[in-house]
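Subject: Structure for you to look at

Hello,

Here is the structure I said I would pass on. My notes on it follow below.

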Amino acid sequence: MTPLTAAETYLLDFHQRQVGVTSAAFAHLPASSAAGRWASSYEVLTSLVPAVDTPITVLDLACGDGHLLGLLAARRQPDLQLLGVDMSEAELAAARAALPASVRLLPGRGQALDVPDASIDCLVSHMALMLMDDMEQVMREIRRVLRPGGQFGTIVGRTFLLGEVNDVFMRVFKPFASDALPPLRFGDRRAGSEAGWRELLDAGFADVEFDDIDVPCSPAPDELWAALLDTYDIDRLDDDARQRLRGAFLDAVTPLQAGDGTIATGWGLRLVRARAA
């Protein structure tokens with residue numbers, strides 16, 4: 001087995017400490033785009049899976065605590081086979097406790113899936129692929145396990161925060177990133193742009209489409225800070241730097257508060273979808 005990278009080692013530790021953090025952040029927030037509205041960004045992906053009476057197999061890559069698989073299992077499609085893969089045993093344990101026994105859960109990494117060739121009709125992934133190393137190998141594995149004509153869909157980050165607060169945060173955070181944040185590279189830069197995704201999907205995929213997904217929310221400043229604590233870069237700061245950043249950030253966002261004390265913001269995501277050629 002290929003040794004874990006430094007980023008993977010950190011991510012394993014984070015998800016051991018923060019099991020279910022991704023679904024806690026996104027499952028309760030509505031999502032919208034020019035194409036429609038959904039109950040959550042997870043529902044954007046489940047909408048890609050056809051509700052049909054014929055057999056269909058779905059793989060959730062980096063399934064975490066199984067929230068997306070749970071939404072699909074709730075459909076009770078008799079011929080829907082569900083499979084989840086994640087490298088975190090802690091997340092998989094949470095998924096096993098929450099999901100029906102019919103959902104198959106496997107430990108694994110996107111670079112080497114223990115899944116037969118051409119056995120998957122639909123592969124989905126929520127807020128994970130942009131963090132993976134060796135993305136070209138990940139995409140080769142995704143294409144390998146998908147049947148010809150199979151659907152690929154992923155939600156990835158597009159912008160950190162929505163609205164003016166994103167610029168404010170980046171301005172305040174930049175000095176901390178330079179002085180107090182140990183260097184650690186997550187994923188492939190190409191996963192952050194449409195042009196990059198077209199390059200990654202150039203071999204073996206067709207009908208590449210994108211949709212900008214907004215997940216708006218209006219938290220109070222302390223609530224927004226609490227949400228930011230569950231992001232990787234702030235988690236990686238030491239306690240002193242984190243407290244100093246908190247003070248600087250809360251001071252900087254004060255002018256952005258509405259009359260009720262909240263701040264209009266949210267998370268900017270991107271849906272990437274394609275067909276296995």
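The protein exposes about 12800 Å², an accessible area from the Shrake-Rupley method with a 1.4 Å probe. Carbon and sulfur atoms supply 52% of that area. Please note that this is a predicted model, in which local features need pLDDT of at least 70 and side-chain atom pairs count only at pLDDT 80 or more, while totals for chains, interfaces and linings use all residues. Residues are numbered from 1 along each chain as its sequence is written, and side-chain values use heavy atoms, leaving out hydrogens and water.

Of the 277 residues, 50% are buried (under 20% relative accessible area, with a 1.4 Å probe and protein chains only). The radius of gyration, taken over C-alpha atoms, is 19 Å, which agrees with the value near 19 Å for a compact globule of 277 residues; that rule is 2.2 Å times the number of residues to the power 0.38.

The protein has 11 helices and nine strands (DSSP runs of H or I, at least four residues, and of E, at least two, numbered from the N terminus).

Buried residues of helix 7 include Val-165, Asn-166 and Phe-169. Its buried residues pack against strand 7, strand 9 and helices 9, 10 and 11, where contact means heavy atoms within 4.5 Å.

Regards
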